[in-house]
Amino acid sequence: MKIRVGHLYPDYLNIYADRGNIAVLARRAAWRGHELVVDGVSMGDAVQRRAYDLLYVGGGQDREQALVAVDLAAKADAVHEAVAGGAAVLAVCGGYQLLGSYYRDRDGVELPGTGLLPLHTIAGQRRMIGDVLLDCQWAGRTLAGFENHAGRTLLDDVAAPLGRVVHGFGNDGESGFEGCRAGRVIGTYLHGPLLPRNPWLADWVLAQALAHATGGEPPELEPLPDELEREAHGVAAGRARARGGRF
Ligand code: GLN
């Protein structure tokens, strides 16, 4: 099966190897006989209607977010339509913040968001940096990664977090939650990149994208020998346990 991915702003929003998430999805798809076809969708590019099974966006400094925010907001209708049509979305840090209603940066400048996720973000003065461990009860799994953000993300009451913070700061360093999940849309602060050390989430994202591609249910993907990935998860979780969530 071809899995069509729209990679939003690969030339602006890509820090902490966020681009690596695409490489992981491509390999894990290929090991199951599927092919990831990736289009870069950047400034002035249209999000072709119904063209993508998955939209992906990485993180970025305030400067890069300020450069793309208005252009992304202009794509909001097409992004909403893609999601309403069943496409999956994975958004990391700066990209995650711009899926909310707005991001107010450290200078108080309010960048428009797409309003896809029920949340908004306000930058604080101290950055929240370090390793993170999450408990994702909805999947019965944990996620491990790295965070570095000034933004404090506040979820609306209707919003569901991606996970409970076991170690780390998470969305705002207070709520005890991290990220946001709405159907096939996932937003998170976790860099690293995220997916090499969390193969279950990579497979979850692939299964959602395949469900859109086939018009069916998310398939049960054939298990892979993920020893190395599990080890990487263990190392990241250990670091989070040792020092996550401390200024
Ligand atoms: N610039 C945003 C912040 O500082 C996002 C940073 C990032 O993507 N790592 O919160």
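Here is a friendly conversation about the ligand, the pocket and the cavities in this predicted model.

Visitor: Where does the ligand sit?
Guide: A search of the whole structure finds two cavities of 30 Å³ or more. One of them, with a volume of about 90 Å³, is the largest cavity. The ligand sits in the largest cavity.

Visitor: Which element gives the most to the shell around the ligand?
Guide: The shell holds 16 residues, and the closest include Gly60, Asp62 and Gln65. Helix H2 (62-74), helix H4 (94-97) and strand E8 (141-155) each give two or more residues to this shell. With four residues, the element that gives the most is E8.

Visitor: How much of the ligand's accessible area does the protein cover?
Guide: On its own, the ligand has 300 Å² of accessible area. The share of this area that the protein covers is 100%.

Visitor: How many charged residues are in the lining of the largest cavity?
Guide: This cavity is lined by 14 residues, and Gly60, Asp62, Arg127, Asn148 and His149 lie nearest its centre. Four residues of the lining are nonpolar and eight are polar. The number of charged residues is two.

Visitor: Which element supplies the largest share of the lining of the largest pocket?
Guide: The largest pocket holds about 520 Å³ of space. Among its 23 lining residues, Arg141, Pro199, Trp200, Asp203 and Trp204 are the closest to its centre. E8, helix H5 (199-214) and helix H6 (227-243) each give two or more residues to this lining. The largest share, six residues, comes from H5.

Visitor: How many charged residues does the lining of the largest pocket have?
Guide: Sorting this lining by class gives ten nonpolar and four polar residues. The count of charged residues is nine.

Visitor: How much space lies in the second largest cavity?
Guide: The residues that line this cavity include Val47, Tyr52, Leu55 and His212. By class, its lining has seven nonpolar, two polar and two charged residues. The space in the second largest cavity is about 50 Å³.

Conventions:
Residues are numbered from 1 along each chain as its sequence is written. This is a predicted model: local features need pLDDT of at least 70, side-chain atom pairs count only at pLDDT 80 or more; totals for chains, interfaces and linings use all residues. Side-chain values use heavy atoms; hydrogens and water are left out. A residue is near a molecule or strand if one of its heavy atoms lies within 4 Å of it. Accessible areas come from the Shrake-Rupley method with a 1.4 Å probe; for residues, only the protein chains shown count as cover. On a 1 Å grid over the protein atoms alone, a cavity is a set of points where a 1.4 Å probe fits but cannot get out, and a pocket is an open set with protein on both sides within 12 Å along at least five of seven lines; lining residues have an atom within 4 Å of a point. A molecule sits in a cavity or pocket if more than half of its atoms lie within 2 Å of its grid points. Grid points are joined across faces, edges and corners, and a volume is the space filled by probe spheres set on the points. Ala, Val, Leu, Ile, Met, Phe, Trp, Tyr, Cys and Pro count as nonpolar, Asp, Glu, Lys and Arg as charged, and the others, Gly among them, as polar.
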